[in-house]
Amino acid sequence: MAILEIRKYPDEILKKKAEKIETLDGNLQKLIDDMIETMYKANGIGLAAPQIGISKRLIIVDTSPRQENQGLIVLINPEIIQSEGEILSEEGCLSLPGFLTRLKRKERVLVRGTDRKGKEIEIEAEGLLARALQHEIDHLEGTLLIDRISPLKRELFRRKYLKSKK
Ligand SMILES: [Zn+2]
């Protein structure tokens with residue numbers, strides 16, 4: 001296993017729509033293991049493949065440090081097939097270090113995808129898990145947290161963030 005480099009904003013790959021995964025081969029299994037190790041090392045609760053430079057529809061989520069009865073979820077080609085309610089909560093992203101913002105998300109979601117063995121699974125989620133799944137699936141569409149805030153807030157963020165990178 002290996003720790004991978006997490007791509008940070010404004011890396012172009014974070015803006016790309018990721019490609020559907022058609023084959024579950026050994027390379028993909030290795031990628032999944034590396035992503036898991038990378039996420040835990042970074043103390044993240046979720047990671048999407050584009051964040052480590054691979055533009056494919058693969059996400060991992062583990063909210064167990066903060067949410068009971070949850071464990072590691074690996075989802076290939078995930079899709080939100082139902083959602084309801086709205087909830088405002090604070091959110092951050094490993095690709096936007098140091099940035100936190102309050103953001104409205106769906107309160108509950110039903111997500112469908114396949115697990116790492118190719119079995120179709122459906123996950124009914126609420127709370128932090130629902131939020132994490134929406135956040136990671138956004139990454140597959142090339143959407144970041146900052147694309148979901150107001151243009152004014154985004155501009156303020158950009159100036160501060162890019163300045164801090166110099
Ligand atoms: Zn993120």
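Here are some ground rules, then the exercises.

This is a predicted model, where local features need pLDDT of at least 70, side-chain atom pairs count only at pLDDT 80 or more, and totals for chains, interfaces and linings use all residues. Residues are numbered from 1 along each chain as its sequence is written, and side-chain values use heavy atoms, leaving out hydrogens and water.

**Exercise 1.** Find the protein donors of the zinc ion and work out their spacing along the chain.

*Solution.* 
- Start at the metal: Cys93 (SG), His135 (NE2) and His139 (NE2) lie 2.0 to 2.2 Å from the zinc ion. Donors here are N, O and S atoms within 2.8 Å of the metal (3.2 Å for Na, K and Ca); water is not among the atoms, so sites may look incomplete.
- Now read along the chain, and the spacing comes out as C-x41-H-x3-H.
- His135 and His139 are four residues apart in helix H2 (residues 127-140), so about one helical turn separates them. Helices (H or I, at least four residues) are DSSP runs, numbered from the N terminus.

**Exercise 2.** Is Asp34 buried or exposed, and what does Asp34 touch?

*Solution.* 
- First place Asp34: look in helix H1 (residues 26-41).
- Next, Asp34 counts as buried because its relative accessibility is 4%. Buried means under 20% relative accessible area, exposed over 50%, partly exposed in between (1.4 Å probe, protein chains only).
- Finally, skipping residues up to four places away in sequence, Asp34 touches Met1, Ala2 and Leu4 (contact means heavy atoms within 4.5 Å).

Methods:
Helices (H or I, at least four residues) and strands (E, at least two) are DSSP runs, numbered from the N terminus.
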